[in-house]
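Here is a short tour of one chain. Look over the sequence and the model, then read on for the sheet, the helices and a few single residues.

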Amino acid sequence: MIITEYGNTNASTGLIQMVDDHDLEGMESELAQIRKRTGKDFYLAAIRVQDWNADLSPWPAPAVFGKESFGQGAPDTLSEVLKYCAGRDKTFIIGGYSLAGLFALWAAYQTDTFKAVAAASPSIWFPGFVDFMKDREIHTKRVYLSLGDKEEKTRNPVMAAVGDHIKEAHDLLKKQGINTTFEWNTGNHFKDADIRTAMAFASVMNG
């Protein structure tokens with residue numbers, strides 16, 4: 001994995017975000033929005049994913065758009081992320097957009113390394129994920145969830161369930177005593193990914 005660090009690497013707060021080329025194009029805008037919304041010192045480690053559907057998926061699943069199915073590379077990816085975090089005296093927050101947001105949620109069920117999760121428009125429609133949440137406790141104190149208000153308005157029956165799934169996930173976390181925020185954003189899944197991700201990180205950083 002290729003890791004690009006932004007901001008003050010001596011800061012006590014480290015943000016971890018799995019990214020693709022599109023995310024990297026909007027990174028400066030995202031960083032500016034986080035600074036504007038928090039006024040806090042931080043650095044962000046943008047970890048470039050080689051195969052998005054394979055490397056961020058916790059288990060195999062059939063394709064829901066196009067022909068590309070989902071793999072089960074999340075455990076190996078998380079192993080590399082934890083190696084990066086090891087030995088660093090930081091408060092780590094993991095977050096991301098879309099499937100990276102789902103990966104961030106899943107990762108917090110595997111380890112207590114992350115103080116908070118910032119999941120912007122996470123792919124929580126992913127088959128079996130809410131059932132996975134029902135059977136486990138998350139190892140973090142704070143979770144942010146968001147969704148575009150047009151994301152569930154699709155003819156794809158799997159992805160159309162995303163609204164119901166994220167509301168169910170929010171309720172599950174609240175019942176477990178997790179400090180959880182859920183926000184609706186304006187637009188479909190492809191609108192303002194950098195701003196939505198910044199909002200997610202800023203929310204959990206501000207507490």
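Two strands pair if DSSP finds at least two bridges between them. Helices (H or I, at least four residues) and strands (E, at least two) are DSSP runs, numbered from the N terminus. This is a predicted model: local features need pLDDT of at least 70, side-chain atom pairs count only at pLDDT 80 or more, and totals for chains, interfaces and linings use all residues. Residues are numbered from 1 along each chain as its sequence is written, and side-chain values use heavy atoms, leaving out hydrogens and water.

**The chain as a whole**

The chain holds eight helices and seven strands. Its C-alpha trace spans about 45 × 35 × 30 Å along the principal axes. The radius of gyration is taken over C-alpha atoms, and the globule rule is 2.2 Å times the number of residues to the power 0.38. For 207 residues, a compact globule would come out near 17 Å; the chain has 16 Å, which agrees.

Buried means under 20% relative accessible area, exposed over 50%, and partly exposed in between (1.4 Å probe, protein chains only). Buried residues make up 52% of the 207 residues. Contact means heavy atoms within 4.5 Å. Take the contacts between residues at least 6 apart in sequence: 72% of them join residues at least 24 apart.

**The sheet**

In what order do the seven strands lie in the open sheet? The order is β1-β3-β2-β4-β5-β6-β7, with mixed pairing. β1 (2–7) and β7 (179–185) are the edge strands, and each pairs on one side only. Neighbouring strands are turned by 15 degrees against each other on average, direction ignored. Axes are lines fitted to C-alpha atoms, for helices over the stretch in contact, and angles run from 0 to 180 degrees between N-to-C directions.

| Strand pair | Sense | Bridges | Residues standing opposite |
|---|---|---|---|
| β2 and β4 | parallel | five bridges | I16 and I94 |
| β4 and β5 | parallel | six bridges | G95 and A118 |
| β5 and β6 | parallel | four bridges | A116 and R142 |

β4 is mostly covered, with six of its seven residues buried. Helix α5 (residues 99–108) lies across β2, β4, β5 and β6. It runs at about 145 degrees to β4.

**Two helices that pack**

Two packed helices are described by the angle between their axes and the distance between the axes. For α2 (residues 27–38) and α8 (residues 193–206), the angle is about 35 degrees and the axes are 8 Å apart. The contact includes S29, Q33 and I34 of α2, and I195, A198 and F201 of α8. Its residues divide into seven nonpolar, five polar and three charged. Here Ala, Val, Leu, Ile, Met, Phe, Trp, Tyr, Cys and Pro count as nonpolar, Asp, Glu, Lys and Arg as charged, and the others, Gly among them, as polar.

Q33 lies in α2. It counts as buried because its relative accessibility is 18%. Leaving aside residues up to four places away in sequence, Q33 touches I195 and A198.

**Two positive phi values**

Most residues other than glycine have a negative phi. S121 has a phi near 45 degrees, a positive value. S121 sits in the loop between β5 and α6 (129–134). At 0% relative accessibility, S121 is buried.

D192 has a positive phi too, near 55 degrees. Its place is the loop between β7 and α8. Is D192 buried or partly exposed? With a relative accessible area of 35%, D192 is partly exposed.
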